[in-house]
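Student: I would like to learn how to read aromatic pairs and helix packing in a model. Could we work through one case of each?

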Amino acid sequence: MAIRVATDIGGTFTDLVYVQAGTVRAVKADTTPPHFEQGLLNAVAKSGVRYADIEFFAHGSTVVINTLTERKGVKTALLTTRGFRDVLEIARGNTPDIFNTYYRKPPPFVPRHLRLEVGERLDYRGAVLTALDLGELPAQLDYLRGEGVEAIAICLLHAYRNPAHEEQLAAAIAELWPEVAVIASHQVSRNWREYERSNSTVLSAYVMPPTRAYLDNLHQHLAAQGLGPAPFIMKSNGGITPIQAAQADPISLVESGPVGGMLGAQAYGQLIGETELLALDIGGTTAKCSLIHDGQVEISNDYVIEKTPTSAGYPIMTPVVDIVEIGNGGGSIAWLDAAGSLRVGPHSAGSTPGPVAYGRGGTAPTTTDANLFTGRINPAGFAGGEIEPDQAGVERAFSELGARLGVSGKQLAHGVLQIANANMVNALKLISVNRGYDPRDFALMAFGGGGALHATELAAELGVPKVIIPPFAGVFSAWGMLMLDVRRDCIQTHLQLLDAAGVDELAREFLRLQDACAAQFAADGFRAEQLRFEWHIDARYLGQEHTVKVLVDELLLPVLLESFHARHQQSYTFRLDAPVEVVNLHLVAFGAVPKSPIDPLAASPSPCAEAALRGTRLVEFEADQPLETPIYEREWLLSGMCFDGPAIIEEATTTTVVRPGDRVEVDAYGGLHIHIQVQGE
């Protein structure tokens with residue numbers, strides 16, 4: 001029987017979800033760096049799925065972001081227009097903190113001796129001022145060969161308007177040096193801003209050989225096991241793409257793994273009628289969150305990696321689901337800083353050695369250890385019952401660190417959870433309060449291995465009235481990939497006023513982009529009836545620097561202007577009586593792929609949840625105040641059941657903590673709706 005499979009390789013675990021005849025199943029396996037494909041194969045073996053029965057296979061991975069942050073890419077060169085060799089080094093003067101005297105510009109990924117210039121020039125409209133001169137190219141390539149270069153980035157001035165010179169240069173390199181990886185800026189971004197476009201192209205070239213090797217290796221291993229269809233790869237823009245397209249534009253996978261859960265939250269929200277959500281994914285290494293408004297996730301084209309108070313980081317011009325990510329997860333290590341203050345994260349124990357409870361040599365206590373030590377996690381079902389936790393090691397680790405602070409081990413464990421929660425609350429504020437949204441108007445949908453452990457306390461702190469724990473929350477990023485279509489984003493800089501004459505021009509330009517995008521889909525085997533398009537514009541008040549994104553629902557000037565004014569007021573708290581300028585056209589194209597319907601659960605004959613009750617145990621919701629707490633088996637919670645906290649709800653891939661006074665209801669698909677008791681009620 002045909003099976004649809006999705007896999008997500010995280011820093012600690014590799015998750016697999018599959019759907020067969022409307023029934024969903026999930027497994028977890030250890031991530032196995034540096035041979036990540038082995039962890040994936042282990043997960044498939046653990047699931048018992050036969051490769052020959054798989055009709056659809058989607059995959060998300062952190063390979064690109066890991067290659068960047070760990071500096072494991074290849075030696076890369078840059079070819080650019082004469083006179084613009086130092087754009088990468090000049091960068092921007094936008095310091096994260098103007099009062100921080102330790103600020104340093106981030107060093108470019110390509111050193112100056114590998115940044116070479118070519119003779120050519122276009123004007124800002126894309127017209128040729130100086131024809132491309134390839135006379136020096138053979139000698140330049142000989143020099144780069146001698147330097148051990150494995151990838152070349154091409155970024156020529158104003159190529160976003162006219163890519164002809166970049167295409168000619170790339171073709172010449174391919175003829176003279178076919179072995180080297182080459183990518184041109186117009187293949188990565190058709191946006192203006194020379195520094196951001198140059199940096200994006202360089203980073204894409206830097207990760208291209210290892211990403212291609214990873215995807216080739218993955219495809220070969222799966223094919224050798226009997227998988228028929230080529231895998232689809234999760235992109236950062238919230239869609240999937242054929243593996244060949246992913247290899248051609250590797251930087252588009254920079255947040256391949258994390259965004260799957262955010263799109264899963266959007267899809268599950270649509271299923272149950274929840275359109276206003278704060279989506280929170282807590283994994284083994286990080287916590288990630290995103291805001292869903294009117295049933296839509298935000299897409300940003302201003303993604304930055306490695307931004308800190310002393311560094312502006314590296315901008316990447318590729319559409320990315322707008323997420324905030326912090327170094328707090330289940331494996332985050334508790335430690336004391338130079339002042340003797342307790343910190344949690346960003347360093348993680350990973351899967352090897354992992355938390356102290358794993359018994360694999362870890363000695364530093366982690367968030368997972370704190371949840372185990374306080375009774376939230378069941379020792380008998382730890383890691384799905386596959387690991388017998390080292391309880392003595394956990395107690396020793398907390399006691400030793402606590403002694404340095406003059407507190408007991410249990411008190412320290414609660415302190416670790418409080419600090420981890422405070423870090424996550426701050427992240428949730430960044431995507432809500434800091435952007436003009438009141439978190440009390442949203443529900444918090446939490447997933448990942450640790451999301452359900454922390455969600456109710458985070459919601460209470462923020463005043464969020466309801467927490468939703470979706471089915472298969474521990475592997476929800478993989479689940480989300482099964483709900484997605486193939487997606488392409490075509491973003492083109494196009495300056496014009498938003499006025500009566502400009503509306504007709506917008507329509508012409510969007511239809512031109514749409515025809516080009518439809519041709520790309522046709523080359524991948526998609527029929528016209530499978531395609532769906534969305535039009536967006538990035539616009540600003542004339543004279544401003546920054547833009548806001550506006551969905552073009554109707555090509556009517558009053559509607560477009562009011563949509564822009566409302567969005568600007570939401571983002572910046574004011575609107576102006578001033579001309580509006582369009583900066584970018586953003587076409588989103590979807591290619592529909594078949595999906596398996598998700599069957600609802602059987603309805604419970606009564607709201608009583610006693611059939612799912614599996615006993616009680618002592619749980620500390622507050623330090624030194626253990627409560628005898630009912631334990632429920634999630635698999636036996638049916639649609640319509642409800643009960644009051646305190647409670648612990650256990651499943652194979654995660655644990656849900658319900659505080660005293662909170663109320664749980666089970667929806668038609670098995671999602672847990674936890675109504676939060678607000679202080680003072």
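Tutor: Tyr-541 is buried, and Phe-564 is buried as well. Keep in mind that this model is predicted.

Student: How is a pair of aromatic rings described?

Tutor: Two quantities are used, the distance of the centres and the angle of the planes. In this structure there are 13 aromatic pairs. For Phe-521 and Phe-526 the ring centres are 5.3 Å apart and the planes stand at 85°, so this pair is edge-to-face. Both Phe-521 and Phe-526 are buried.

Student: What is the geometry of Tyr-541 and Phe-564?

Tutor: Their centres lie 4.9 Å apart with the planes at 80°, so Tyr-541 and Phe-564 are also edge-to-face. Tyr-541 belongs to strand S25 (residues 531–541) and Phe-564 to helix H16 (residues 557–572), so the pair ties together parts 23 residues apart in sequence.

Student: Which residues form an aromatic cluster?

Tutor: Tyr-268, Phe-447, Phe-476 and Trp-479 form one.

Student: Which ring has the charged end of Arg-532 over it?

Tutor: That of Phe-590, with the charged end 4.1 Å from the ring centre. Arg-145 lies over the face of Trp-177, 4.9 Å from the centre of the ring.

Student: And how are two packed helices described?

Tutor: By the angle between their axes and the distance between the axes. The axes of helix H11 (residues 391–405) and helix H12 (residues 409–431) come within 8 Å and cross at roughly 90°. H11 and H12 are therefore roughly perpendicular to each other.

Student: Which residues make the contact?

Tutor: H11 contributes Phe-398, Ser-399, Leu-401, Gly-402 and Leu-405, while H12 contributes Gly-409, Leu-412, Ala-413 and Val-416. By class, the contact of H11 with H12 has 6 nonpolar, 3 polar and no charged residues.

How values were computed
Residues are numbered from 1 along each chain as its sequence is written. This is a predicted model: local features need pLDDT of at least 70, side-chain atom pairs count only at pLDDT 80 or more; totals for chains, interfaces and linings use all residues. Side-chain values use heavy atoms; hydrogens and water are left out. Rings of Phe, Tyr and Trp (its six-membered ring) pair if their centres lie within 6.5 Å; planes under 30 degrees apart count as stacked, over 60 as edge-to-face and the rest as tilted. Buried means under 20% relative accessible area, exposed over 50%, partly exposed in between (1.4 Å probe, protein chains only). Helices (H or I, at least four residues) and strands (E, at least two) are DSSP runs, numbered from the N terminus. A charge sits over a ring if NZ of Lys or CZ of Arg is within 6 Å of the ring centre and within 35 degrees of the ring normal. Axes are lines fitted to C-alpha atoms, for helices over the stretch in contact, and angles run from 0 to 180 degrees between N-to-C directions. Angles under 35 degrees count as roughly parallel, over 145 as roughly antiparallel, 65 to 115 as roughly perpendicular and the rest as oblique. Contact means heavy atoms within 4.5 Å. Ala, Val, Leu, Ile, Met, Phe, Trp, Tyr, Cys and Pro count as nonpolar, Asp, Glu, Lys and Arg as charged, and the others, Gly among them, as polar.
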